[in-house]
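Biologist: I'm new to this one and would like to learn how to read it. Could we go through it feature by feature?

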Amino acid sequence: MSDTNSRIAEIVNGNDVVLFMKGTPLFPQCGFSSRAIAILDHLGVEYASVDVLQDMDIRQGIKSFSDWPTIPQLYVKGEFVGGSDIMMEMFEAGELQQLMTEAEVKPAA
Amino acid sequence: MGMAADDIAAMIRAALPDAEVEITDLAGDGDHYAAHVVSAAFAGKSRVAQHQLVYKALGGRMGGELHALQLTTAVPN
């Protein structure tokens, strides 16, 4: 496993909920990342975020790690959940709330 | 520069011949699209796996040449 892959594995396994995104939750740099943050904020769960614009290795590495070509990417309990389209679809179906509850994710502080 | 809606639909149909593909040009700029793809190939697959099939059909263009494609997938009724 490459260094980048082990760094990514550490991040996804070390946080119950983590979003790989462009920009930060306060200043998303892309509409899709912004939408993903809006969903997480609406769910009211505690989450970590990684700004891929600050780290070229992770920006490229996460795409092969997840076999997913775009950012944002959501991980819950070490499992890849999807990008912003899947997040929206699951949110609208009530499935994302259910996933967070089942994963016993902490509410946002 | 982005891709034409017809090219996107053609690439998806080439990989998933039964697919019904509906492309909407969201901003009218040939760069921001929404695609709805219905195919029996999605049956029994997770959402992630369904989207991965479409991304593979687009042969690496997704996230590069094709920046903004909102994707929804479904199995035929």
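Biologist: Let me start with a pairing: which residue in strand 3 of chain B stands opposite B:Y33?

Modeller: That's B:L69. Before we go on, a word on the ground rules: this is a predicted model, where local features need pLDDT of at least 70, side-chain atom pairs count only at pLDDT 80 or more, and totals for chains, interfaces and linings use all residues. Residues are numbered from 1 along each chain as its sequence is written, while chains are lettered from A and ligands numbered from 1 in the order in which they are written.

Biologist: Fine. What counts as a strand or a helix, and how many of each does chain B have?

Modeller: Both are DSSP runs numbered from the N terminus: helices are H or I with at least four residues, strands are E with at least two. Chain B has two helices and three strands, and along the sequence they follow the pattern α-β-β-α-β.

Biologist: And how do I read the way strands pair?

Modeller: Two strands pair if DSSP finds at least two bridges between them. In chain B, strand 1 (residues 20-25) and strand 2 pair in the antiparallel sense over six bridges, with B:E22 opposite B:H36. Six residues lie between the strands of that hairpin, and B:G28 takes a positive phi near 70° there. Strand 2 and strand 3 (residues 68-74) of chain B pair in the parallel sense, over seven bridges. There, B:A35 has B:L71 as its bridge partner, and B:H32 stands opposite B:A68.

Biologist: In what order do the three strands of chain B sit in the sheet?

Modeller: The order is 1-2-3, in an open sheet with mixed pairing. Strand 1 and strand 3 of chain B are at the edges with a single partner strand each, so one side of each has no neighbour in the sheet. From one strand to the next, the twist averages 15°; for such angles, axes are lines fitted to C-alpha atoms, for helices over the stretch in contact, and the angles run from 0 to 180 degrees between N-to-C directions.

Biologist: What about the two faces of a strand?

Modeller: In a regular strand the side chains alternate between the two faces of the sheet. To judge burial, count other C-beta atoms, placed from the backbone, within 10 Å of a residue's own: 20 or more is buried, 12 or fewer is exposed, and in between is partly exposed. Strand 2 (residues 32-38) of chain B has B:Y33, B:A35 and B:V37 on its covered face, and B:H32, B:A34, B:H36 and B:V38 on the uncovered one.

Biologist: Where do the helices of chain B go?

Modeller: Helix 1 (residues 5-15) lies across strand 1 and strand 2 of chain B, at about 155° to strand 1.

Biologist: How much of chain B is buried?

Modeller: 27% of its 77 residues count as buried. The C-alpha atoms of chain B fill a box of roughly 35 × 20 × 20 Å along the principal axes.

Biologist: Last one: how many residues of chain B are in contact with chain A?

Modeller: 10 residues of chain B, which meet nine of chain A. On the chain B side, helix 2 and strand 3 each supply at least two residues, and helix 2 gives the largest share, five residues.

Technical notes: Two residues are in contact if their C-beta atoms, placed from the backbone, lie within 7 Å.
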